[in-house]
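Let's take a walk through this protein together, with the structure open beside the text.

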Amino acid sequence: MRDFPTTRSVMLLCGILLLSGCNGDNSEDNGDEISGNPPAEQSSYSLLTDPFLQLPTHNSVNVVWFTSFEGQEHRLDYGNDITVPAQTVRLDRMMEDAASQRDGVTYEGVTERAVFRHEATATGLAAGERLDYRVTSVDPDGREVTSDIYTLAAAPSPNQPLKILLTSDMQSKVNAPANYQRVVDTVGVPDAVFFAGDFVNVPDRASEWFDQAKEGAPAFFPSLQGRAQQLMPDAPYAGGEILQHAPLFGAIGNHEVMGRYLPEAEGYTLNGAYNDPQPRWYAEIAYEEVREGVNPGDDPEVKASWIADQSHNQQSFLDIFSFPDDGPGNEEYYTASFGDVFLISMNVSRIWRSWSVNGENRSKFVEPLGDLENPQAWGFGEFMFERFDKNSEQFQWLSEVVQSDAFQQARYKVVMAHQGVFGLGDNTVPVLADPIMQLVEPDGEGGENIVELPFPISPEDWQNEVIPRLPSISEIRYQYPLTNDIWFNDIEPFLVENGVDLVAIGHSHVWNRSKVGDMHYLESSNVGNSYGAYYVDHTGAYQKDVRASYADFWADVNSDEPRWNIENYPPNGDPQDRDMAFPSVFSPMSLESEAYPELPFLATNNLSSFSILDTGTGTVKSYVFDPADREGEVRLFDEFSIDN
């Protein structure tokens, strides 16, 4: 990690759009190697983002940026006057709708938005060398739009001390710019960002990535590029200038995944589409029923596209970023070597649904009573987007990864996964078990007959067990047995056995950590706001003993005739009884209230935290601060070693 100088000049905030990456005159030298000045006549266009770094190798790194115009030319200048042309593509799924909030722009309905991605590769880089760079896009009028000057580098060599930001769950949350600005204020610009999922709320909504002008809901790139105040001038924080200098490695979370893509359907909205995924296995069954009509030529690409559109996809997320594609999941799960760190990014995510069991809406546990005969309206509980159990393709890939020389020889072995695999948060229950569908039929004597079908349901069982019962069922329930926890049964022992040092996760918007064998767990997702930690303190000062206590689910499990067994749904604590580690320096919750004793978490909207992996010392350090106190102290509250 180092503090990088940048050229900051007067920004021109004009043009046909208010965009996050505005650009000024870079003629001041400041000792940078790049020479030359922008043209005298200023373009009325601006960049949609500053450039950011992707895919570092031992001698190269990719530079990516976005514009709202296709332009005539796009290039990267770096080092001693080296110029590289960029490859340009238009993103297919960038849209806005009536819920989008941009300055001076409104939308009647779902509207496609022009977003162009430019990517160039800086090659011939030497280990340990950091060079200045900037990017230029030539607008439709032939005028140049040029970024400020930033710095790039190849992947660091082993034994080079690094500071890596461990973060997740930004999701347009109010305190995110404060969090990332305080990272830079405290430790300088980190050397990399490991982002464990949930970048935005709705990944097909372009403004959430680039230029959302909504009070208390900052956009992604402005927050991590120090540009938030350009969109919201009254906001107290600008965010952190991080991604212009540090490569980002991400993991897929549930907010990277869009549901069914049916833009021609009446009432289609981006929020609605996000909340409307169905399992891929069900879409495959549905495809066979319509195959002759939608794909008479049996084109495999048409089939794959139809199934994706009728189930779920992460197309926009993968279009925006460039990650390694070293496995069968391509960029959906991958590995990367970065200095002394060997990173494994897994795809561990499922749809989030409410706790309600009243039958009015699809939820974790039931289908709407009014839609029992209409599977096209079902939600299928909290189903997994991607398999990762021991019989899956992802697990087979993982088994091969841990046998590789790069993994075996790495000083630090880190796994990044989004979903709640441990912890005190609301989102750790139900555990990561595939849903078991229960088809409930009255038996005519006041009782029930229940047929159980574990996911994925085969085409044969769908036709023979589900379809015939649709006219007679009184309820569809979903069960998630604690003993079927895929992570606990298959992944955790495998990672411990193979010497993984750290698992970084997100999803519950808290800070907490644990240790199993020599492997540490850390959730450091209290970036923007928190959904609470469910923990019973023995002193009685802090008592939050029922997850999602607003829901009718708990009334059911505590009734005389429960439909769900409370033993499978622990109301508080870690669901698999892992011991939570207490902060090593002080309890940050004591800043929330002097009445709180030592607590093993941070879960409050009044405080924000971030964590840094320091490879020089082999430690992970976590910091806390009060975003409302602009000049307040950032305090180290926890430190632990992963150097085994």
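Predicted model: local features only at pLDDT ≥ 70, side-chain atom pairs only at ≥ 80, totals over all residues.

The largest nonpolar core holds 147 residues, and Trp-209, Phe-220, Phe-321 and Trp-487 have the most contacts inside it. Pick out Phe-220 to see what that looks like: leaving aside residues up to four places away in sequence, Phe-220 touches Met-170, Phe-195, Phe-199, Val-200, Glu-208, Trp-209, Leu-243, Leu-248 and Phe-321. In soluble globular proteins, nonpolar side chains tend to be buried together.

Next, find strands E18 (residues 436-442) and E19 (residues 448-454), an antiparallel pair joined by seven bridges. Within this pairing, Val-440 stands opposite Ile-450 in E19. Five residues lie between the strands of this hairpin, and Gly-444 takes a positive phi near 85° there.

Two cis peptide bonds deserve a look here. One joins Val-429 and Pro-430, with omega about 0°, and Pro-430 sits in the loop between strand E17 (412-416) and E18. The other runs from Phe-455 to Pro-456, with omega near -10°; Pro-456 belongs to the loop between E19 and helix H11 (459-466).

Finally, which residues other than glycine have a positive phi? Asn-330 does, at about 55°, in the loop between helix H8 (315-320) and strand E15 (334-338). His-507 does too, with phi near 95°, in the loop between strands E21 (502-505) and E22 (511-516). Asn-330 is partly exposed, with a relative accessible area of 46%, whereas His-507 is buried at 4%.

Definitions and conventions:
Residues numbered from 1 in each chain as written. Heavy atoms only, no water. Pairing = 2+ DSSP bridges. Helix = DSSP H or I, 4+ residues; strand = E, 2+ residues; numbered from the N terminus. Core = buried A, V, L, I, M, F, W, Y, C linked by side-chain atoms within 4.5 Å. Buried < 20%, exposed > 50% of the residue type's maximum accessible area, 1.4 Å probe, protein only. Contact = heavy atoms within 4.5 Å.
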